[in-house]
Amino acid sequence: MTTESATGNIYDLGYQGYDGPRLGRPVVALGLLRHTLASAYGIGRGGRAKIAPFTLLILSLLPALLAVGISALAGQTGQGEVLTANSPIRHETYQSLTSTLIMLFCAAQAPELFGRDQRYGVLPLYFSRVLTRIDYALARTGGLFLAVLLVSIVPQLVLTIGAVLAAPDPLTGLGNDAPDIPRYVAVSLLSSGLLAGLAALIAAWTPRRAYATAAIIAAFIIPPIIVALLSRLAAGDAARALVLLSPGDVIEGLNAAIFGTIADGSPAVMAADLPDWSYVAASVVGVVACVLLVVRRYLRVTG
Amino acid sequence: MTTPPTRPTPPVPGWPGAPEHRPVATPAAATAAPVPDGVVPAIQVEHVSRWYGNVVAVNDISFALGPGVTGLLGPNGAGKSTLLHMLSGLLAPSAGIVRIAGRVAFGDPSIYADIGLVPEREAVPGYLTGREFIRLNADLQHVADPTAATDRAIATVELSDAAGRPIRTYSKGMRQRIKLAAALVHDPPILLLDEPFNGMDPRQRLHMMGLLRTMAGEGRSILFSSHILEEVERLADAVLVVYAGRLAASGDFRSIRRLMTDRPHRFTIRSSDDRTLAAALLGHPAVFGAELTDGLLAVRTSDYGAFTRVVAPTAKAAGIRILELRPTDDSLESVFSYLVRR
Amino acid sequence: MTVFGALITVTLRALLGRRRIVLMVVLAALPILVGLVIRLGGGRSDAGDILDALVIRTVLPLIALIIGTAAVGSEIEDGTVLFLLLKPIARWQIALAKVLVAAGLTAVLVVPPILITGLLVGGSGSESIALAFGYAVAAILGGSAYAVAFTVLGIVTSRALIVGLAYTLLWEGVLAGLLVGTRFLSIRQATLGIAAQLTGTDVGVDPLAPVVAIAIVAVVIVGGWSLGVIALRRFQVRAGD
């Protein structure tokens, strides 16, 4: 704004009202969801923020790329079929390969997504708009869920594409792989939901980044160890049921249940010998409980 | 105090309104804090620049400071904090050298016995009480009598009553004062303060200003940064004006004003006959404008010195009595606004 | 108080904030709780199992991580490191005080649970005591290495926690198991090697010889401290301050 005494001009560049059509609440919520997903990968936040998420994503893709490459090479020599059947990198084993990476991803990104707004006190700016608190909580959690889902499911898609391309013709390859597709989709959805939900819960209740990261990692890696020890050294039905309190083991059990294999990655699950549906139920219950608690947090937090 | 050489200033992207004029440098610029030859200046900055990638925060600044209070004046984002961080060895210059009492500032912990820094960010541990914090600083500075030094520093900033409380219970002004006490506890000859009056109420501000002036009188070299003209005008003996990372001017602000010969000086005169005086003054080549407003005569002249010599004889020759003669734009504000071409 | 004493005191007080203590005490108490459950539940008592899997592989690095990254890292994050650096103190002294406190605090937090759990689960026979002591010594050495490494990490990067976690979980957890040659680059393997020598228990694949293990610990501690000194000497405030 300039004021010149000689000519006396004043230019009003101030606030002007808007009377046009407004996009509604769903658009705003979806926008926040999209923004959360982008933030989880550091998009829109400068180079350094991208290092951790993309490194973890690439690391999770490595085994898949490796497997596809090797089976392609083996296919040249005619050994393809044998190799893919015996490869340690398959749809049903992929979850345990990448579980640590997914946990690191959650621990790295969840505190950023949930803690920043609370630390800088900008929540009132969100809630004084058409966006409700529930919308905010769900959009944030949904964004983290989608981000984690990518890490979990993209490698599986790579394996499928590899199977399609390596087969004598695409339709056969697809047919070979088709039974596994809904299985790994289900496992990815539920496992991502459980891990993201738990990470979101901890991050939403712990605004300080360092504490949130430490707590998330502790929640992921300590229960399996304790449960494994208890299953080996203690007895009783209570100890068996405790397996369901450990997210890592629940996911192992879930994977085994859906693919119909043995959960040899988790001694606790093998020792507990619980029915398949219990893992599925535990996952679903876990996801719902975490989301509800995140919503509760944002219904009650001020500032 | 040395002034920088003239250099054409192309508009720097991202800084609209970069100054297009520069006062012509005169080596003999008067200064209130001259550094005598042969004496190592307390603070010496030689062609110092600092950039972050493509962003230049400090652009080829040179000056030397001695005892007295110097104000570092500039708008937010001008590079004041960056410059202070470089002076206190917390940031390495991208080019040039910063010397404190003759020693290079970056990488030499021994300079910290001679300087006290009051940083802008509220970086004090909240869980310590005021007294514990100052005592800690005294211990880390290896002060001879830490207990006495602690009490003295706390009394100087008038926090003796609150010294037993944890710092997290302090108001913003109190935190500023406890930081100042921490910077004073080892009696340093050089004090650097980054926006020290932030968050202080008027009484505290006056008290701190008096304190700083007393310390300067004891021979200390004090440099404080601010973007508030009145503070700098009231407290500083000399001024360093920075804008967009460059040193726009340095020295006593009145002397700076003298140097701005391409901008007319304004005077206000109240006399027994304004109109006749105006006509008489307009006859002189140094005067190129006269205005009669509100019972006052406003005169514009290009030559400050010549005008002051000429106004009295002219009035006397015309038989007019001068009741009041005041330079009207001889303030730091007008100097500053000219320098930054608002 | 001497300069060094003041450094130690302020580092301790900064680390022992209320929330951090709670988190660390909870972590430290976990092995004891598990031991209690096993003892009271009447299960098999294999103390070496717990101490190996739960303490050495999990609780020890986590505690060292939390303490180490906070020793300097949290001070850099909230800006209070300035009033330590703006003092005429040699940077090696500051670094030494920090790593000493980090290593010492880690040892203090980890050794009692090891001893208590070992005795709880294994009984009070001389063999059980020897086992517990063996693991305790290994934990002191390995924990110090972890603490020094993570303290220096906290000086060097602002994301020390994640990097430290990636090291512990990915490098030591996964890769060191896959690629046997990387044993020499793993503090965990060094700790386990010392424990195996002192207690005679089976710690898994081909443990490192005790001399090698101690050498690794020494290199990490001395090398880490040196890196920390260099990093402190070159410390600059982050842009935008």
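Mentor: In chain B, among contacts with a separation of 6 or more, 67% join residues 24 or more positions apart; a contact means heavy atoms within 4.5 Å. This is a predicted model, in which local features need pLDDT of at least 70 and side-chain atom pairs count only at pLDDT 80 or more, while totals for chains, interfaces and linings use all residues. Residues are numbered from 1 along each chain as its sequence is written, chains are lettered from A and ligands numbered from 1 in the order in which they are written, and side-chain values use heavy atoms, with hydrogens and water left out.

Chain B holds 10 helices and 14 strands. Both are DSSP runs numbered from the N terminus: helices are H or I with at least four residues, strands are E with at least two. Of the 342 residues in chain B, 51% are buried, where buried means under 20% relative accessible area, exposed over 50%, and partly exposed in between (1.4 Å probe, protein chains only).

Now the sheet itself. In chain B, 4 strands make up an open sheet with antiparallel pairing, in the order β2-β1-β4-β5. The edges are β2 (55–65) and β5 (103–104) of chain B; each has a single partner strand, so one side of each has no neighbour in the sheet. Two strands count as paired if DSSP finds at least two bridges between them. Strand β1 of chain B, residues 43–52, is joined to β2(B) by 7 bridges, and the two run antiparallel. One residue pair to find is B:Tyr52 and its bridge partner in β2(B), B:Val55.

Helix α1 of chain B (residues 80–87) lies across β1, β2 and β4 (95–100) of that chain, at about 125° to β1(B). Axes here are lines fitted to C-alpha atoms, for helices over the stretch in contact, and angles run from 0 to 180 degrees between N-to-C directions.

A:Cys106 is buried at a relative accessible area of 0%, and A:Cys290 is buried at 8%.
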